[in-house]
Amino acid sequence: MKLDAKIPEGPIEEKWANHKMAMKLVNPANKRKYKVIIIGSGLAGASAAATMGELGYNVECFCFQDSPRRAHSIAAQGGINAAKNYPGDGDSIYRLFYDTVKGGDFRSREANVYRLAYISNQIIDHCVAQGVPFARDYGGLLDNRSFGGAQVSRTFYARGQTGQQLLIGAYQALSRQIAAGTVKMHTRTEMLDVVVADNVAKGVVVRNLVNGQVESHSGDAVVLATGGYGNVFYLSTNAMGCNVTAAYRAYKKGAGFANPCYTQIHPTCIPVSGDHQSKLTLMSESLRNDGRVWVPKELGDKRRPEEIPDDERDYYLERKYPSFGNLAPRDIASRSAKEVCDEGRGVGNTGLGVYLDFRDAINRLGEETISARYGNLFDMYERITAENPYKNPMRIYPAVHYTMGGLWVDYNLMSTIQGLYVIGEANFSDHGANRLGASALMQGLADGYFVLPQTIADYLATMGASHERLPIEDEVFVQAEEAVNNRINRLLNVNGSRTVDSFHKELGLIMWENCGMSRLKKGLETAIEEIPKLRKDFWANVKVNGSADNFNISLEKAGRVADFLEFGELMCRDALAREESAGGHFRAEHQTAEGEALRNDDDFCHSAVWEYTGDDAVPIRHEEALKFDNVKLATRSYK
Amino acid sequence: MAAYNIKIWRQNGPDSNGSMERHVVKGIDGDMSFLEMLDHLNEDLEEQGKEPVAFDHDCREGICGACSLVINGQSHGPETTTTCQLHMRSFEQANITEITVEPFRANGFPIIRDCVVDRSGFDRIIQAGGYVSVNTGNAPDANANAIAKPDADTAFDAAACIGCGACVAACKNASAMLFVSAKVSHLAHLPQGDAERHERVESMVNTMDREGFGSCTNYGECEAACPKSISTDNIATLNREFIRAKIGRIT
């Protein structure tokens, strides 16, 4: 596997502009002769499909949901960063670039991150032109707020529904192209394989989830915009349908998978209430501005929170990080919560929770002020837990939220398979080992609106307008379709005794215990032994009812869980090989005397890229060295 | 832990006949969400070798708009929220143990299977004009035009629609007026939407009619059922926009 990042020459400020000039263009009249297949319709997929359609390409877009408007980008609450410097507080493209590289614990590619920061401003302009209702001040201009990891206010927001408003903006742009006939939309259709000949992407095999029909689509390029893989943990803040299948199938066809172990665990989520739990709900990071995090000092203190006097409470973030206090970064706040719970000082029925207490803020500012700031979040908390957070402290616990790892891509967002592009959360490109808040929306839209539609032309142009697409009758398609059908039949014919969900839950526990917030060599080795056993059990004992030619929710889930059962092992291998702690990857063996993450720049200042070598075979680990010419590698400190 | 008698709609496919099926679901905790109760039912069914009940759901955070059940006769059940944010304590506290679960029923929402319906009519209504025609490129600076905060806030309230279709299911006419008016109103209150306002409202209303949704008779069930509290004021806005578009055509 050859890893050429294709980073353009020249100073970092000029790379993107120079590259755009150097790339080939496709004549407007010829664009319709190129067919581009886009999988996924979240922020990245919908914005790419809309823009490619506007440019005149012949686009086919697929999503497994009933409408492109439902993709999980919609659930993002907080906001989207841009270096507009409207508040005049010293922001700049360079500062956004620097904060993002540092926030990622120096494990991302400088040139990509700089381009992202540069494009951030165009995104805001474009979304406002679309009619996205960002928050405005009384003068009618756009409002900004602050987010973690930055000392400037650069986050644009739309109440607590920024993701929803941006996604609907992209969905509307996509709808306009569907009406114009440039984009053909296939809803309730899941990609089950990418078709590759001589390491060139030729198309996809999909299954219509309504009638079960498996069919092939041939294209000149394939774009995966299929999101992250947090659901490998079973419980996460992801939507129920989020899965790794498209990315994993591409990996099995030769696309390198980069840094799969980089997972973001968000510190403020509503804790698990019982075995019935199907998903976790995030409570915005902004709550930590006024809430104080604590647990009882004594082990097994079962008193109600209001009965515990102040001197018997441990405000552990304030104690350990006096200068950042309750606003310590996500990875650190999450690990600290786990530590106190592991000591047996966790709260709630399960002991897996810590208090987020607004008592002092309410006494100081009054209930009305707190309600104005966080009313909707308090209501949501009360709806889910039936506890009133104005009277009792909230209980929170960390949960899997975002995955920084993904398919490896070069500067053009092309994977190691020619003509296979990967955009949004599905790729690994911009966040390094930790993503800063309000950066996911920025990256999804940068990739979809502004990067991919430019870079893909360079690839398509080399084919020439008179090129021929591989017909779906070709042997490569026939074989791929047959493999997909065989797998579906195999799932239906196991006829065992365990449900799909029971396997998914068991895998989730293995992953959470061994490849979660804190990772140890021994635990990872155990997981690498246990997961193949569970996988074997799955293929011997899973029970999938119903048939292949109908709307079959068990079958859908089974295929996704089967892929998670392979992918989980790859994550553990990556976590085991990375003998350092960086961002969301905390190897307990590698910490400072004070318990902080300890990077190893001498040996691990690189992205790890995994190459598939066969089922049950050990994959090959490649490295893409990371060079920092503009940013000095430093140790993050929040004391 | 409580037990519930569930009557739930089963229908094998779009062209099959459907019927209500009875199940007793045991071991239900008040902290479980309504959909987790159905997960529980489905696990039981799967263990017995039966096919689970199909229903749409995805984010389970009340924002994607996928979940779509009529529970004891009400779209999304007894509270002002989405089905996924409804919890079993709501029934526990009211001592309700009989629960009827049906799909969103409307001419414009044909059933696909069990409680899953086809809401692609909504997508086609948006495709008919629910957008601003601007290509990705070099838009003017985002702060080039100030938008008065009251207008921005009104636009936002309308833009909060999640496209779930509860309004249609609640309406005795199966009208999609609240949904259509939310988008018309969102864009009509912003300068960006001004240039196409006449074509937009006419085209969206025509498509709504063509998709088989009924007429609005100001019944108001839509607003009561809406999990995002979209106001029927938007319907007044739509009517005004529609008349203005027609007059604009004549003169």
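Leaving aside neighbours within four places in sequence, A:S216 is in contact (heavy atoms within 4.5 Å) with A:V204, A:V205, A:I472, A:F477 and A:E481. The model is a predicted one, in which local features need pLDDT of at least 70 and side-chain atom pairs count only at pLDDT 80 or more, whereas totals for chains, interfaces and linings use all residues. Residues are numbered from 1 along each chain as its sequence is written, chains are lettered from A and ligands numbered from 1 in the order in which they are written, and side-chain values use heavy atoms, with hydrogens and water left out.

A:S216 belongs to strand β9 (residues 214-218) of chain A, strands (E, at least two residues) and helices (H or I, at least four) being DSSP runs numbered from the N terminus. A:S216 counts as buried because its relative accessibility is 7%, the cut-off being under 20% relative accessible area with a 1.4 Å probe and protein chains only. The side chain of A:S216 also makes a polar contact with the side chain of A:E481 at 2.6 Å; such a contact is a pair of N or O atoms within 3.5 Å, of which, within protein, one must be able to donate a hydrogen and the other to accept it, and residues adjacent in sequence count only if both atoms are side-chain atoms.

The count of cavities of 30 Å³ or more comes to 13, a cavity being a set of points, on a 1 Å grid over the protein atoms alone, where a 1.4 Å probe fits but cannot get out, with lining residues having an atom within 4 Å of a point. Grid points are joined across faces, edges and corners, and a volume is the space filled by probe spheres set on the points. The largest cavity holds about 950 Å³, and of its 50 lining residues the closest to the centre are A:H72, A:S73, A:G227, A:G228 and A:E425.

The second largest cavity holds about 680 Å³ and is lined by 37 residues, with A:M240, A:G241, A:K557, A:R560 and B:H57 nearest its centre. Two or more lining residues come from each of α13 (500-515) and α15 (553-577) of chain A and α1 (34-47) of chain B, and α15(A) gives the most, with 6 residues.

Chain B is divided into domain 1 (2-112) and domain 2 (119-135 + 145-250), with bounds from an automatic or database domain assignment. The C-alpha centres of these domains of chain B lie 29 Å apart, and 20 residues of domain 1 are in contact with 19 residues of domain 2.

Key
1 Å grid on protein atoms, 1.4 Å probe; cavity = no way out; pocket = protein on both sides within 12 Å on 5 of 7 lines; lining within 4 Å. Buried < 20%, exposed > 50% of the residue type's maximum accessible area, 1.4 Å probe, protein only.
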